[in-house]
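Thanks for coming. Please have a look at it first.

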Amino acid sequence: MSSIYCMFCGGSNCKYENYQNWINDPKHPNAIEGLFSNWIGGNILATQRPSTNIIKKYDLINEFKKHNLLSIINLEEFGEHPNCGDGIDPSSGFSYKPEDFMNEGIFYYNFGWEDLKTPTYQQMLNIVQVLTFSLENDKKTAVHCHAGLGRTGLVIACYFIYNLGYNAEKAIHTVRNCRPLSIQTKKQQTFIYQFEEYIKPLKIIYPGFEYKTNSSSFDLIDFSLNDLLERQRIYYHGPELRKIKYIPIIILKIIEKLKASLLNTNIDEFYNSIFGFNYKTIEKNEEYIKIQREIKHIYIMVYQKKQF
Ligand SMILES: [Zn+2]
């Protein structure tokens with residue numbers, strides 16, 4: 001299969017593995033010398049696959065460190081495009097040795113799936129969660145497949161949907177705006193719209209409401225606490241997930257706001273931030289104490305019960 005695709009990109013002269021082919025477009029400046037690559041959103045590098053030869057020739061490890069590029073996400077499968085560019089390093093099954101990066105403190109993740117195809121939604125969610133994690137604290141991340149257009153563009157668009165709340169159209173537009181030719185097939189494009197639909201219900205924090213299909217309005221549905229916690233476990237990850245393992249996130253958010261408001265003792269801001277109206281229009285003390293008591297009660301109930 002792989003060798004068939006290589007016919008389209010030119011074998012050892014693979015057009016995607018020769019960055020010189022791509023440097024004459026001032027609107028989309030090439031990001032890293034030696035790699036056909038573009039920055040997307042300022043902190044994600046969409047790039048062709050590196051090779052052992054390119055790593056050496058362009059001092060890529062130091063170049064990555066200079067840019068604070070401290071993670072690599074590889075979307076290729078073993079042994080892919082064996083006749084393209086510098087080919088495959090038999091010791092790793094990829095065009096480079098991941099250890100070359102890892103030994104220098106650059107994290108490496110491999111989530112391969114077949115070229116020009118799409119993964120499952122759950123797989124994509126895992127990938128964008130890892131990408132979100134790897135970008136924390138102002139770090140940057142390189143995402144590559146073979147050319148850095150199809151699978152790479154797909155992941156970055158889905159990241160924008162997951163992490164920044166973009167809709168599919170805006171996500172695709174943003175990626176292509178920075179890296180033309182990204183997201184290569186109709187199927188990949190459709191997947192992005194489907195991924196948006198897939199995660200929509202997962203991120204709803206008010207239980208009992210459900211999006212109507214093809215509409216921005218809501219339906220009331222039967223929804224248990226268990227269902228909500230299960231959705232949270234799928235959607236959230238890392239330290240955030242640990243905090244909300246047994247607590248609906250809406251309760252945690254309200255408690256955080258309460259805490260912040262108590263510290264600031266600015267009741268004006270508190271009411272505005274939670275309810276979107278000014279407390280002066282209601283009997284402030286009574287309401288405030290009542291709400292506080294309610295939330296504390298729910299929190300204790302949920303937290304102490306833990307299992308459902
Ligand atoms: Zn190729």
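The largest nonpolar core has 57 residues. By nonpolar core I mean a set of buried Ala, Val, Leu, Ile, Met, Phe, Trp, Tyr and Cys residues joined through C-beta atoms within 7 Å. Buried means that 20 or more other C-beta atoms lie within 10 Å of the residue's own; 12 or fewer is exposed, anything in between is partly exposed, and C-beta atoms are placed from the backbone. Val 155, Ile 156, Ala 157, Cys 158 and Ile 161 have the most contacts inside this core. Helix α6, residues 150-164, gives the most to it, with 9 residues. Helices here are DSSP runs of H or I with at least four residues, strands are runs of E with at least two, and both are numbered from the N terminus.

Two remarks on the source. This is a predicted model: local features need pLDDT of at least 70, side-chain atom pairs count only at pLDDT 80 or more, and totals for chains, interfaces and linings use all residues. Residues are numbered from 1 along each chain as its sequence is written.

For the chain overall, there are 13 helices and 7 strands, and buried residues make up 31% of the 308 residues.

Which residues does Ile 156 contact, leaving aside neighbours within four places in sequence? They are Ile 40, Ile 44, Ala 46, Val 143 and Val 175, where contact means C-beta atoms, placed from the backbone, within 7 Å.

Now the helix pairs. α6 and α8, residues 186-199, pack at an angle of about 25°, with axes 10 Å apart. The axes are lines fitted to C-alpha atoms, for helices over the stretch in contact, and angles run from 0 to 180 degrees between N-to-C directions. That makes α6 roughly parallel to α8; the classes are under 35 degrees for roughly parallel, over 145 for roughly antiparallel, 65 to 115 for roughly perpendicular, and oblique for the rest. On the α6 side the contact includes Leu 154 and Ile 161, and on the α8 side it includes Phe 191 and Phe 195. The contact residues divide into 9 nonpolar, 2 polar and 1 charged. In that count Ala, Val, Leu, Ile, Met, Phe, Trp, Tyr, Cys and Pro are nonpolar, Asp, Glu, Lys and Arg are charged, and the others, Gly among them, are polar.

The axes of α6 and α7 come within 8 Å and cross at roughly 130°, so these two helices are oblique to each other. Gly 153, Ile 156, Ala 157, Phe 160 and Ile 161 in α6 meet Ala 168, Ala 171, Ile 172, Thr 174 and Val 175 in α7. This contact has 8 nonpolar residues, 2 polar and no charged.

Next, the loop between α7 (168-178) and α8, where Ser 182 is found. Is Ser 182 buried or exposed? Ser 182 counts as buried, because it has 24 C-beta neighbours inside 10 Å. Beyond four places in sequence, Ser 182 touches Ala 46, Leu 149, Gly 153, Val 175 and Arg 176.

Last, two backbone angles. Most residues other than glycine have a negative phi. Asn 68, in the loop between α3 (60-66) and β3 (69-74), has a positive phi near 65°. Asn 68 counts as exposed, with 12 C-beta neighbours inside 10 Å. Asp 138 also has a positive phi, near 65°, and lies in the loop between α5 (121-134) and β5 (140-144). With 8 C-beta neighbours inside 10 Å, Asp 138 counts as exposed.

Definitions and conventions:
Two residues are in contact if their C-beta atoms, placed from the backbone, lie within 7 Å.
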